[in-house]
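Subject: Structure for you to look at

Hello,

Here is the structure I promised to pass on. Please open it first, then read my notes beside it.

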Amino acid sequence: MLRPALPADQGVLPGRGTLAAQFFLVWLFNKVPWFYNYSASGQINAPERTILGMAVTGPNAEAWVKYLFCFAFVFVLAWVARNLTRGAMGRQWMAIRDMDIAAEIIGVNPLRAKLSAFAVSSFYVGISGALLFTVYLGAAEVGEAYGIQKSFLVLFMIIIGGLGSLFGSFAGAAFMVLLPVALKVLLVDTMGWDTALATHFQFVIVGALIMIFLIAEPHGLARLWALAKEKLRLWPFPIEWAGHRDTTGEEAPAAQQKEPRGQRGETRLTEPEPLGRTTPMKSLATGGSSLDTAGLAFADLMIPDLSYRTGPFAAGGIPFSDGYQDYFALLNARDGGIGGVPVRVVECETAYNTERGVECYEATRGDNPLVYQPLSTGITYQLIPRATADGIPLHTMGYGRTSAVNGEVFSHVFNYPANYWDAASVMINVLLDENGGSLEGKKITLLYHNSAYGREPIRTLETLAAQHGFTLNLLAVDSPGQEQGNQWLTIRRDRPDYVLFWGWGVMNQVAIQEAINIRYPLENFIGNWWAGADHDVASAGAAAAGYRALNMNRLGDMPVFAEIQHHVIDAGLAAGDGTNLGSVLYTRGCMPRCWPPRPSARRRKSMAWPTSRPR
Amino acid sequence: MADITPAMMRDGMEALELTNARMEELGMPGIGPEFAVSCADHGGTGMAIMTQWNGTEWVTLSDFIAPDDSVTGPLVIEDSMAYAAEDGIEPRSCTDS
């Protein structure tokens, strides 16, 4: 949802109202299960739909079909918008915008004008929101796909593009979508900068541009474009236009620049436009900037690394990605690759954001990637249908969609060595062990990140609660998890026997500090394997002693670390700065190397099925 | 060897058998439990260890502990079948030919 960009001293209430609605509706959609179709993860999925026999939504939809579908909407709606603004309603809007008191005096009803502007723009935004979800994303989680960040993005598109201009909306949208792509190509591919640095620079540049545009050129790109056309018409492409011949020499340019009113419709004084049809543009411009090896598809083994070195989850993302990449660098440096074929790791920054994860997938899928490891449950949910349709395996070790262990349904998704429901069960088994085999009457609270990730263990814990007789309380923490004061007040009041914790990134440190603050017995505070790393407890240090966490990999020194130190870090080939070597998450990042590809990859047909495990 | 395709990668992942010997060979002895992957089971054993922060470092408290498959198994079937129904996926049959 957006607020219409009305002048600051008028229409503040609708603006504030929609801003409040932004947060209220997110809360509501999380709270009432009907809104997310009672799914276990809180996500909604767009089913496949066809037009004229061609799929438009779902993973099998082709890009050009999606493009044309959205383009049809853009075309029709732009045409309607153009004509609306030229009609009576548009004139009323312009009158209110320019001076509402004067407009009221001449008989324009301000309430009707503002309401109708609000209604029309909301209609447009609703259409683009629906298209964004069904055609582009495929699956959405409330709060992430349509969070405040999205609203800001659209607002920036309008500001930079130029308020009150139809062309400006398109220009602004193109700019905001192409900017990260351009920066990536320029800074990362050409100049060889770090992807995290390029992402940081994107924020700096966008912020600076907004300030510059608001101060120097409030009418945005549309105005710049109009001026450019003006100047080009004088030189070097002088043309005749109505009423003026270009023989007047130097007078004409000055006069023309001051008064470009003779132009057709590019000036703000004549053409305000409703806002917010930028999403279809977005779906055009994503999806393909890093395919620099099209001709060499089979000369090396391409492994994409969808990492996050920026954002609130970077503390976890960085050591994992370092471990993941350094092991492949070791194989390249020490062994010349796998079976003599070098491994090429392509990193793509997602900032743990689902949409960017999908964009990174789209950008890399054409390069013959062998396996995806997105390290994010949210991104995993999005990639499952896409990767399966493309025939690329997903390795989501200890995260992602737990039920993917069922290989009969999820042919291309692998969760080994463990998953979240196992984690919940192991925690309860440990607690049963400590309590003489019975948890009857105990109170256990689950403190969880309010996302698909955090919601994963709920169903299992509810089943176990019914089975073993303990009371389960659920406390959600909104992403990224820096605000947990209320939740810990509740814990202090309720005094549960145990608190089980499903956090990630910055949420972990904050939770541990809060537990220390309320003097909760830390040995009863148990995190899952994504909440038990060095950086989570480092700042609290000795005060956090006693905190427990699961782990799916063993800790401690391994022979491989010395090799990585020698062949990779000392040789300057490390993905990061080398300080994460041997940490919990770095070790976990190395783990996937235990698994294929290896030369004898075709053993399946001769292998007998293992007999065990009733899953 | 150069032409490993994603399909081969997938098959390899499904045929994986991770033994202690293999882990040691890779320079990561005992990093995880031993397990085997199959067509129907993409999840490994699900075992985890419990660790504890003692103020200066993470200390391992236990060996690999198993989950309760009788609880998680039915939930997996229920959720995956719901996904299959929702997305129109025909579950493949995992009896080897």
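Below is what I found, starting with one chain and ending with the interface.

Keep in mind that this is a predicted model.

**Chain B on its own**

Start with chain B. Its secondary structure comes to three helices and four strands. Along the sequence, the order is α-β-α-β-β-β-α. Is chain B a compact globule or more spread out? It is more spread out, because its radius of gyration is 18 Å, well over the 13 Å that the globule rule gives for 97 residues. The C-alpha trace spans about 50 × 40 × 25 Å along its principal axes.

B:Met8 sits in helix 1 (residues 6-14) of chain B. B:Gly55 is 47 residues away from B:Met8 along the chain, and their C-alpha atoms are separated by 46 Å. B:Met8 itself is partly exposed, at a relative accessible area of 22%.

**Salt bridges**

How many salt bridges does the structure hold over all chains? There are 20. Here are some of them.

- B:Arg22 pairs with B:Glu25, with the closest N and O atoms 3.2 Å apart. Both belong to helix 2 (residues 20-25) of chain B, and because they are three residues apart there, about one helical turn separates them.
- A:Arg334 pairs with A:Asp335, and here the closest N and O atoms are 2.9 Å apart. A:Arg334 is partly exposed at 32% relative accessibility. A:Asp335 is partly exposed too, at 40%.
- A:Glu362 pairs with A:Arg386, at 3.5 Å between the closest N and O atoms. A:Glu362 lies in helix 13 (residues 354-364) of chain A and A:Arg386 in helix 14 (residues 377-390), so this pair ties together parts that are 24 residues apart in sequence. A:Glu362 is partly exposed, at 27%. A:Arg386 counts as buried, at 11% relative accessibility.

That last pair does not stand alone. A:Glu362, A:Arg365, A:Arg386 and A:Asp390 are linked in a network of salt bridges.

**Where the chains meet**

Now put the two chains together. The size of an interface is often given as the accessible area lost when the parts come together. Chain A and chain B bury about 7800 Å² between them. Carbon and sulfur atoms account for 64% of that area. In terms of residues, 93 of chain A are in contact with 77 of chain B.

Which charged contacts cross over? There are three salt bridges between chain A and chain B. One links the side chains of A:Arg401 and B:Asp79, at 3.1 Å from N to O.

Several elements of chain A each supply at least two residues of the side that touches chain B, among them helix 14, strand 8 (413-414), helix 17 (458-468) and helix 21 (559-569). Which helix of chain A gives the largest share of that side? Helix 15 does, with six residues.

Best wishes

Terms used. Residues numbered from 1 in each chain as written. Chains lettered and ligands numbered in written order. Predicted model: local features only at pLDDT ≥ 70, side-chain atom pairs only at ≥ 80, totals over all residues. Heavy atoms only, no water. Rg over C-alpha atoms; globule rule 2.2 N^0.38 Å. Buried < 20%, exposed > 50% of the residue type's maximum accessible area, 1.4 Å probe, protein only. Salt bridge = Lys/Arg side-chain N within 4 Å of Asp/Glu carboxyl O. Contact = heavy atoms within 4.5 Å. Buried area = accessible area lost by both parts, 1.4 Å probe.
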